[in-house]
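User: Hello! I am new to this structure and would like to learn how to read some of its features. Could you walk me through them?

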Amino acid sequence: MRAKPRHPYINSDKISIALVISLIFLFSIVQWTFLSAQSWPLSEQPLKIWMLDIGQGDALFIEFPTGEQMLVDGGPDDSVLAKLGSVLPPWDRTLDVVLATHPDADHVSGIISVLDRYDVSTIYESGVGAHTPFGQAYEERRDSEQAQVVEISQGDVITIGEVTLTVLWPEQTQEGQYPAKRNNVSIVFLLEYGETSVLFTADTEQEVEDEYALQVGDIDVLKVSHHGSLTSTSWGLLKPTDPEVALISLGKDNSYGHPHPVILDRLNQVGAKIFRTDLDGDILLTSFGGEPTIESHPLPF
Amino acid sequence: MRLREILQSPSKTLAISLAVFCFGIVLGPLVPPVAWEMFLTITVITMALAFFLRNKEQRFTSALIAIFFFALFRFTSAITPSIIPSVADASSSQTRVSGIVSSEVERRVSSQRIVLDDVFVADEPRAGKLLVWAPLYPEVLFGDALVFNCRVEKPEPFEGFAYDKHLASQGILAVCPRPEYIDVHSAESVSFLGSLLLLKTAAVHRLQMILPEPHASFLSGLLFGGSSSLSNDMKDDFAATGTSHILAASGFNVSLFSLTFLSWILTTRIGRKRGLILTTMLIVGYVLMAGATPAVVRAGIMGVVVVLSKWISRKAFIPNVLLLTASVMFLLNPFVLSDVGFQLSFVATAGILALTDRVSKHLAFIPNTFAFRTSFAASLSAIIVTLPILLWHFGSVSLVAPFVNLLVLPLVPYAMWLTLIGLGVVITFGAIAQISILPAWALSWLMLWLISIFGAIPFAFVEPAHAQILAVLTVGVFVAFLIHRRYAR
């Protein structure tokens with residue numbers, strides 16, 4: 001009697017191969033859902049603001065309760081890409097909004113790479129340009145990206161779901177302007193969601209702070225201007241805004257001596273709790289419209 | 001007589017000849033840099049003598065002497081004569097420098113690493129290549145002509161690592177750390193190497209479009225070499241866990257990949273011959289796609305060595321194959337021996353070929369699905385044999401290195417394979433097929449996560465007081481073990 005031949009298409013090798021492949025697939029999907037700590041679509045989404053630890057510069061990522069994603073500045077190099085890779089799911093290659101406060105290298109360099117790698121729908125900027133290799137590279141990428149480019153200035157209001165961004169500075173759009181110093185034409189805006197208010201000050205200095213401070217009133221969180229430099233965070237800004245939390249984005253052992261001890265002292269005097277990317281790593285603000293919670297929350301990469 | 005026995009076996013004759021050539025190259029740095037003409041003359045005379053001598057043994061001895069002096073000639077003739085001013089002789093003040101970008105530009109997370117040839121300093125031509133660390137913008141490409149201001153510096157050894165010698169093995173004699181006012185003139189024509197690099201750039205760009213960072217950098221680095229765009233923190237973690245070698249385009253990865261792939265494909269029904277041909281084609285395709293840079297060609301040769309060793313399937317020939325590989329590389333670049341990348345690649349490949357089967361026998365408890373046991377055994381072999389090299393050059397031992405390497409290294413061939421498949425599917429079917437890259441992403445995530453977790457352990461890294469003595473001792477222990485094994489039988 002002949003032995004029954006094994007089925008030609010199903011053997012244990014093939015089963016184990018199929019098993020391994022499906023396990024890897026399953027693992028990758030489970031891994032993401034577990035990692036992302038994203039709640040299921042049915043539950044209420046919070047507003048999330050990440051101050052990313054990208055070294056000596058600024059890069060903030062905002063995820064709105066309605067799902068839109070926004071990057072405010074990109075930091076001094078390509079570090080922001082790994083940060084975005086950690087906060088976005090691996091298949092998400094789009095960003096709804098990129099806001100470039102001003103084209104200095106420590107704010108715009110990362111944006112250039114982000115425009116290379118991600119599909120961006122809208123770019124907000126003041127229109128100010130810079131005759132530097134970084135400024136020129138940004139303009140090239142911005143012009144070749146099929147994004148809507150919107151110049152904004154004082155008085156403009158951007159509404160995304162229930163979150164409003166009120167632009168406080170510069171006074172006018174800066175198209176065609178190439179000033180030698182760009183800190184004082186950088187975009188300042190106030191983000192409000194329910195009772196949560198966060199002031200984004202870019203690199204503005206004292207003379208400008210005094211001008212927009214009066215329009216602000218009491219706030220919860222201050223993104224400290226110019227990495228804690230002595231040129232900014234004047235009493236003229238601190239007194240009317242009286243922030244409870246101060247976020248400072250800066251590089252470890254930076255050569256500028258940021259943050260300046262005088263500024264840290266001022267922030268302590270107004271009772272603001274200080275978070276610093278050089279000490280705390282990535283910082284996450286979460287708000288459901290009430291009091292925001294802020295914590296050091298290092299991303300995996 | 002022993003010499004006669006050797007002469008009766010063609011394979012032994014070849015082995016001795018190649019060994020003598022390699023020995024000559026190894027002795028090269030010890031030879032006073034006298035005129036290379038002298039060595040050439042001796043080579044010609046002894047070679048001529050070899051033709052005229054009647055006695056077979058005398059003829060062979062004469063030929064061996066000729067080969068030895070040819071090796072010395074090859075080494076000394078490649079040294080840049082000190083009469084021609086080199087880039088290293090430039091004054092230390094800010095000067096106008098120009099040159100042509102002579103190899104692929106490495107984009108790091110916050111800078112570009114550029115190697116210039118045909119260098120002019122203050123409009124005077126200089127011999128040797130110049131390494132330039134430029135900011136990210138303006139972007140520089142292979143073949144571009146650059147003009148900039150900079151202070152040219154001689155590279156110095158640091159923390160016990162002979163950085164100057166490492167650079168010199170690539171022909172780089174000086175460094176420009178902070179160039180200013182960089183003017184980029186695009187290349188007018190595309191060279192063969194340039195067009196190969198374009199292919200690689202296109203593949204890497206595709207990977208960057210479908211994978212987030214740091215996985216795009218890591219996986220493209222595994223495949224094509226130069227995961228240079230990883231963040232400095234991440235690179236520190238790799239160093240602390242003793243896994244930096246997987247970031248280089250090295251024979252390490254390619255040999256591991258070739259062996260694992262071969263072991264797997266030989267279990268399928270494709271057949272032995274076709275399996276070997278397919279693997280060779282994959283390696284050649286890889287070399288072309290990775291831009292055929294010297295490091296990649298070297299890695300490719302190491303991969304082919306693995307295929308060859310399976311092809312001839314006679315263990316006795318393996319030393320010959322390795323000697324031949326070393327000889328060819330020394331002939332092409334006599335300074336390559338002082339290149340850490342070469343040392344690691346070569347020794348890892350030799351270790352993989354010599355030890356994998358033996359190590360594998362002790363690992364029977366690991367399932368061999370997808371040749372996983374082979375991958376694990378090969379990784380272990382490579383880790384063992386490269387330990388003295390790491391100790392010697394970097395003077396540090398990562399205490400977690402053996403453990404992390406054992407966790408991460410066997411995954412390398414699979415990460416490479418999954419990335420290649422994912423990339424292939426996306427190129428064929430477009431962005432819709434992006435899901436096919438997810439397994440590669442998951443594996444990359446797991447590997448990087450392991451490395452960053454272990455890299456954060458404070459005592460992961462120790463620097464023994466006499467690392468180089470320890471390195472020599474380790475070699476001594478290996479050799480003693482091998483001799484013991486041989487004569488215990």
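Analyst: Gladly. Let us begin with D253(A), which is found in the loop between β12 (245-248) and α7 (261-269) of chain A. Please keep in mind that this is a predicted model.

User: What is the phi of D253(A)?

Analyst: The general idea first: most residues other than glycine have a negative phi, and most peptide bonds are trans. D253(A) is not a glycine, yet its phi is positive, at about 50°.

User: Is D253(A) buried or exposed?

Analyst: With a relative accessible area of 76%, D253(A) is exposed, because the cut-off for that word is over 50%.

User: Where does D73(A) lie, the other residue I wanted to ask about?

Analyst: D73(A) sits in the loop between β3 (69-72) and α2 (79-87) of chain A. Its phi is near 65°, a positive value in a residue other than glycine. D73(A) has 1% relative accessibility and so counts as buried.

User: How many helices and strands are there in chain A?

Analyst: Chain A has 8 helices and 15 strands. It has 301 residues, of which 57% count as buried. If you look at contacts in chain A with a separation of 6 or more, 63% of them are between residues 24 or more positions apart.

User: Which domains does the domain assignment give for chain A?

Analyst: The assignment gives domain 1 (13-42) and domain 2 (47-296). The C-alpha centres of these two domains of chain A lie 36 Å apart.

User: Now to helix packing. At what angle do α2(A) and α3 of chain A pack?

Analyst: Two packed helices are described by the angle between their axes and the distance between the axes. For α2(A) and helix α3 (residues 105-117) of chain A, the angle is about 55° and the axes are 8 Å apart. That angle makes α2(A) oblique to α3(A). V80(A), L81(A) and L84(A) of α2(A) make the contact with G110(A), S113(A), V114(A) and R117(A) of α3(A).

User: And how do α6 and α7 of chain B pack?

Analyst: Helix α6 (residues 192-210) and helix α7 (residues 215-224) of chain B have their axes 9 Å apart, at an angle of about 150°. This makes α6(B) roughly antiparallel to α7(B), because angles over 145 degrees count that way. The crossing of α6(B) past α7(B) is right-handed. On α6(B), the contact is made by K200(B), A203(B), V204(B), L207(B) and Q208(B), and on α7(B) by A216(B), L219(B), S220(B) and F224(B).

User: What is in the loop between α6 and α7 of chain B?

Analyst: P214(B) has its place there. The peptide bond from E213(B) to P214(B) is cis, with omega near 0°. The bond from Y137(B) to P138(B) is also cis, with omega near 5°. P138(B) belongs to the loop between β5 (129-134) and β6 (145-150) of chain B.

User: How many residues does the largest nonpolar core have?

Analyst: It has 79 residues, and those with the most contacts inside it are F218(B), L222(B), F238(B), I246(B), F330(B), V412(B) and M447(B). Helix α17 (residues 438-455) of chain B gives the most to this core, with 11 residues.

User: Which residues is I246(B) in contact with, leaving aside its neighbours within four places in sequence?

Analyst: I246(B) is in contact with F218(B), L222(B), F238(B), N253(B), V408(B), L409(B) and V412(B).

Conventions:
Residues numbered from 1 in each chain as written. Chains lettered and ligands numbered in written order. Predicted model: local features only at pLDDT ≥ 70, side-chain atom pairs only at ≥ 80, totals over all residues. Heavy atoms only, no water. Core = buried A, V, L, I, M, F, W, Y, C linked by side-chain atoms within 4.5 Å. Buried < 20%, exposed > 50% of the residue type's maximum accessible area, 1.4 Å probe, protein only. Helix = DSSP H or I, 4+ residues; strand = E, 2+ residues; numbered from the N terminus. Contact = heavy atoms within 4.5 Å. Domains from an automatic or database assignment. Axes fitted to C-alpha atoms, helices over the stretch in contact; angles between N-to-C directions. Parallel < 35°, antiparallel > 145°, perpendicular 65-115°, else oblique. Left-handed = near helix turned anticlockwise from the far one by under 90°.
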